Amino acid sequence: MKKLLLPYLIGLVALVFLPFGVTFALAFTEYDLINPPVWLGTGNFAELWGDGIFRTALKNSLVFAAIAVPLRLILALALALLLHRRAFLGGTGTTVAALPAAIPEIAYGLLWLWLFNPLYGPINQFLAGSDGLTVFGRTPPGWLTLPNDARAGIIIMSVFTMGEMFVILVAARRALPGDAYELAAIEDATGWDIFRRVTLPLMAAPVGLLLVRDTILSLQLSFTPALVVTNGGPPPYATTYLSLFVYRNAFEYLRYGYAAAATVIMLLLTVAAVAVQWRLLSSRRL
Amino acid sequence: MAGLKLDRVHAAFGINGVDLSVGEDELLVVLGPSGAGKTTLLRVVAGLLPVASGTVHIGDRDVTRLRPGLRNVSMVFQSYALFPHLTVADNIAFGLIVKDVPKAEARERTAKAAATIGCEHLLDRKPFQLSGGERQRVALARALVREPDVFLLDEPMSNLDLELRVETRAEIKALHRRVGGTMVHVTHDQTEALVMGDRIAVMRDGLLEQLGTPEKIWNEPATTFVARFVGSPAMNLLPGDGPVRPPDLFPEPAWLIGFRPEAVVLGQAGDPLGSVTRVDVVGEDSYVYLSVGEHSVVARVPTAQRPHAGAAIRVGVRRPSVHLFDAATGRRT
């Protein structure tokens with residue numbers, strides 16, 4: 001039996017532990033792929049600390065995670081509770097909700113590049129009246145040109161790719177026992193009470209798991225949109241997230257050591273966020 | 001307290017016109033095989049299933065179109081339906097909490113219901129820390145706490161082992177005597193029905209087959225179905241002009257003669273000869289399976305007096321212990 005684990009173990013070592021070890025080691029060096037690495041000690045981390053771009057990227061990533069993760073989860077849960085029944089148009093609704101997650105990321109990004117276009121993009125055409133202003137009398141969002149609007153745009157893009165979470169939550173909702181709801185009906189629990197006292201607690205395990213997992217993924221989620229749609233801008237660094245920061249330093253500026261150091265910080269952040277959530281969830285365990 | 005009345009109720013999933021009235025302090029047991037519509041009937045009373053036609057009254061309130069929460073009924077589910085994330089106290093108080101009963105009052109009523117059932121020592125536990133019997137008590141306490149007009153119990157004992165079941169059915173009956181109220185208890189266990197019910201409603205294919213006291217159901221089964229469903233082994237049913245019949249009964253081919261295994265007389269001269277095909281020893285008693293001509297007869301005899309398999313033996317029955325049914329309709333004549 002133990003031998004059967006070997007291929008997995010080899011894969012784990014070669015594809016996860018080894019790169020991780022190399023990254024961790026590189027974080028303390030200067031390395032440009034051509035010359036051999038030069039030991040810097042904590043020099044990279046000290047430079048990161050003083051790097052304004054890194055700080056911007058860090059802040060952007062944290063804000064993105066703090067808003068996008070709950071939004072994705074809430075939307076996935078709401079749609080799952082709406083569409084879990086086998087009803088008229090339910091199948092169509094399920095497909096529509098799950099589909100964006102199945103589109104390749106680059107294609108998805110290019111699609112939004114068109115959707116967000118300030119002049120002929122359908123979103124702003126829909127938002128703007130004949131006078132070129134929205135119903136609130138302001139100019140439509142400059143998705144690709146204004147910093148906050150661009151950050152909102154990246155979050156909006158990420159929200160619609162919650163298809164996989166949605167599918168998991170539909171399955172989780174369908175697995176809940178029917179008699180719990182029948183009991184709630186007999187005890188005359190109203191819709192909100194049923195959600196708060198029956199559905200949510202009974203689905204706590206999958207919801208909590210998805211929250212933790214999505215937090216881990218959130219640092220990567222923003223990468224492709226930021227690269228394809230906003231290119232890290234509007235200038236200077238409105239949508240430069242940690243992942244894009246690492247990518248730029250490693251593959252454009254050939255500063256592998258510096259990028260590795262930022263990656264290590266990213267990892268520590270993720271571990272910290274997950275640890276906090278894990279504690280919160282465990283304290284509410286059954 | 002109220003009482004329950006069903007008037008020509010039809011519903012989906014096989015309720016085909018049920019008339020039934022349960023007294024205000026009565027424990028009615030609904031008995032029937034799987035698929036007879038017992039649980040469906042309970043769900044119709046609770047309002048979980050809509051009525052297609054007919055009416056449901058609780059007391060003098062017509063609740064036919066009322067949603068479950070407004071009927072003032074409570075239900076104990078076969079699975080107990082306890083919430084795993086809530087303590088026993090919160091599970092019991094669930095109905096009070098969602099109805100916004102003040103906290104202090106809810107706590108007091110929860111403690112009282114728990115004390116009535118005898119689970120007050122469990123209040124701080126979570127359901128996963130309870131045994132099957134304890135879970136069942138908590139479900140009962142939850143049904144009790146709102147002081148409903150009608151208690152509905154959907155096979156609450158089917159997940160308990162035999163010893164606990166025997167104990168629990170006595171307890172539920174005693175509980176009913178203490179707190180009163182209209183109680184409808186669904187089961188497929190005929191012993192449970194005979195022991196617990198003030199009256200028993202035997203169901204088959206979505207219809208009431210017979211409604212009566214346990215004595216009546218046992219001594220005067222209205223149909224061959226009731227006759228065979230209640231009692232173990234099942235009652236023997238033979239043609240009226242068949243081989244085994246009381247000597248003083250005039251043979252009538254349009255009849256079926258029914259007699260319980262206890263009523264079979266073995267080894268009396270003058271009775272027809274049969275042969276023993278199998279003997280099952282069940283402790284004190286033994287079930288003797290006989291074939292008489294082309295018919296099969298089961299007899300229940302003290303184990304000490306059991307014949308051996310393969311033996312030839314005379315098989316008879318006497319007049320007072322036979323039931324006569326119309327062979328065409330299955331009804332008692």
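Author: In this predicted model, the axes of helix α4 and helix α5 (residues 162-179) of chain B come within 12 Å and cross at roughly 15°. Angles under 35 degrees count as roughly parallel, so α4(B) is roughly parallel to α5(B). The crossing of α4(B) and α5(B) is right-handed. On the α4(B) side the contact is made by B:Gly133, B:Gln136, B:Arg137, B:Leu140 and B:Leu144. The α5(B) side supplies B:Leu164, B:Thr168, B:Glu171, B:Ile172, B:Leu175 and B:Val179. By type, the residues of this contact divide into six nonpolar, three polar and two charged.

Helix α4(B), residues 132-145, also packs against helix α3(B), residues 103-117. Here the angle is about 130° and the axes are 9 Å apart. That angle makes α3(B) oblique to α4(B). The crossing of α3(B) and α4(B) is right-handed. From α3(B), the residues in the contact are B:Arg109, B:Thr110, B:Ala113, B:Ala114, B:Thr116 and B:Ile117. From α4(B), they are B:Arg137, B:Leu140, B:Ala141, B:Leu144 and B:Val145. This contact holds seven nonpolar, two polar and two charged residues.

Chain B has 333 residues, of which 51% count as buried. Of its contacts with a separation of 6 or more, 64% are between residues 24 or more positions apart.

B:Asp100 is not a glycine, yet its phi is positive, at about 60°. Most residues other than glycine have a negative phi, and most peptide bonds are trans. With 66% relative accessibility, B:Asp100 counts as exposed. B:Tyr80 also has a positive phi, near 75°, and is a residue other than glycine. B:Tyr80 sits in the loop between β6 (73-76) and α2 (88-98) of chain B. In contrast to the exposed B:Asp100, B:Tyr80 is buried, with a relative accessible area of 4%. A further backbone feature is the cis peptide bond that joins B:Ser232 and B:Pro233, with omega about -5°. B:Pro233 belongs to the loop between α8 (224-229) and β11 (236-239) of chain B.

The nonpolar cores come next. In soluble globular proteins, nonpolar side chains tend to be buried together. The largest nonpolar core in this model has 62 residues, and those with the most contacts inside it are A:Val198, B:Leu4, B:Leu6 and B:Leu152. Leaving out residues up to four places away in sequence, A:Val198 touches A:Ala180, A:Tyr181, A:Ala184 and A:Asp193, together with B:Phe83 and B:Phe94 from chain B. A second, separate core of 41 residues includes B:Val29, B:Leu123, B:Met157 and B:Met183.

Chain A has 14 helices and two strands. Along the principal axes its C-alpha trace spans about 75 × 70 × 30 Å. Of its 286 residues, 41% count as buried. Among the contacts in chain A between residues at least 6 apart in sequence, 66% join residues at least 24 apart.

A:Asn249, in helix α13 (residues 242-252) of chain A, is buried, with a relative accessible area of 6%. Apart from neighbours within four places in sequence, A:Asn249 is in contact with A:Leu254, A:Arg255, A:Tyr258 and A:Ala259. A:Leu82, in helix α3 (residues 52-83) of chain A, is exposed, with a relative accessible area of 63%. From A:Leu82 to A:Arg279 the separation is 197 residues in sequence and 30 Å in space, C-alpha to C-alpha.

Note on methods. Residues are numbered from 1 along each chain as its sequence is written. Chains are lettered from A and ligands numbered from 1 in the order in which they are written. This is a predicted model: local features need pLDDT of at least 70, side-chain atom pairs count only at pLDDT 80 or more; totals for chains, interfaces and linings use all residues. Side-chain values use heavy atoms; hydrogens and water are left out. Axes are lines fitted to C-alpha atoms, for helices over the stretch in contact, and angles run from 0 to 180 degrees between N-to-C directions. Helices (H or I, at least four residues) and strands (E, at least two) are DSSP runs, numbered from the N terminus. Angles under 35 degrees count as roughly parallel, over 145 as roughly antiparallel, 65 to 115 as roughly perpendicular and the rest as oblique. A crossing is left-handed if the near helix is turned anticlockwise from the far one by less than a right angle, and right-handed if clockwise. Contact means heavy atoms within 4.5 Å. Ala, Val, Leu, Ile, Met, Phe, Trp, Tyr, Cys and Pro count as nonpolar, Asp, Glu, Lys and Arg as charged, and the others, Gly among them, as polar. A nonpolar core is a set of buried Ala, Val, Leu, Ile, Met, Phe, Trp, Tyr and Cys residues joined through side-chain atoms within 4.5 Å. Buried means under 20% relative accessible area, exposed over 50%, partly exposed in between (1.4 Å probe, protein chains only).
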